[in-house]
Amino acid sequence: FQPKLLSGKRVLVTAGPTAERVDPVRVISNRSSGKTGYAIARAAREAGADITLISGPTALPCPYGVKRINVESAREMHAHVLGQAHNADIFISVAAVADWHISNASEQKLKKTDKNGPQPPHIAFAPNPDILAEVAALKDGPWCVGFAAETENLHEYAQAKRQRKNIPLLVGNLAQEAMDADTTTFVLFDQNGHQDLPLLPKQQAARELIHAIANRLSDRA
Ligand code: C5P
């Protein structure tokens, strides 16, 4: 009997974009289909883990056997993640979290024009919490995996981001390659350097990542 790679592990995953309200009918968001995060949740479930997926707005169905919590904004995602983090062994932060929310969001739908003509709104931004950095800083928190979608200088930016967020593993990919696509090229960054995976369907890349996580956890044990 071969136990599954992540049997008995509790894995918390964030996926998708967050959406920040301008008014009740308008949002500002990040581009993210959620495909990579959902594929990772599915792969972790296949590996025997117990999964909670905290998802921003996507068009994807909830993977089989995964508990999903739907959120809209980064601050909502933050509240749910921090609420669950102490019950997780592994946190995989895949969501494309908006860096800002709108501090002067309107309760009512903004009117496009008034008697003086077109009235484009003056939108004020305020920073969102960095969910991953906060979870990484928890005492006795989960083992953290971050993501970095970059458009250039991937190796340099991703390794720096891993160190800045103080996490053991960060997955880099090129935004222009992975965005909306069904394939992706992962580069795994850890304290020893980096490992390039080939271009793979996202579900297969997700399985490779789950292997890489399980190997690192067993090395640590
Ligand atoms: O800070 P940056 O967006 O460059 O880092 C990306 C990583 O940090 C991703 O893993 C993302 O899910 C996470 N993140 C977060 N909260 C934020 C911004 C990014 O958890 N506010």
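How many nonpolar, polar and charged residues does the shell around the ligand have? The shell has 6 nonpolar, 2 polar and 3 charged residues, where Ala, Val, Leu, Ile, Met, Phe, Trp, Tyr, Cys and Pro count as nonpolar, Asp, Glu, Lys and Arg as charged, and the others, Gly among them, as polar.

The model shown is predicted; local features need pLDDT of at least 70 and side-chain atom pairs pLDDT 80 or more, whereas totals for chains, interfaces and linings use all residues. Residues are numbered from 1 along each chain as its sequence is written, and side-chain values use heavy atoms, with hydrogens and water left out.

**View 1. The residues around the ligand.** Among them are Ser-93, Ala-95, Val-97, Gly-146, Phe-147 and Lys-161; a residue is included if one of its heavy atoms lies within 4 Å of the ligand.

View 2. A nitrogen atom of the ligand lies 2.8 Å from a backbone N or O atom of Pro-129. Ligand oxygen atoms take part in two further pairs: one is 2.9 Å from a polar backbone atom of Leu-132, and one is 2.7 Å from a polar side-chain atom of Lys-165. The protein buries 84% of the 440 Å² that the ligand exposes when taken alone (Shrake-Rupley method, 1.4 Å probe).

**View 3. Elements of the shell.** Two or more residues of the shell come from each of α3 (131-136), β11 (143-150) and α4 (154-165). Helices (H or I, at least four residues) and strands (E, at least two) are DSSP runs, numbered from the N terminus. The chain has 6 helices and 14 strands.

Notes: Polar contact = N/O pair within 3.5 Å; in protein donor to acceptor, adjacent residues only side chain to side chain.
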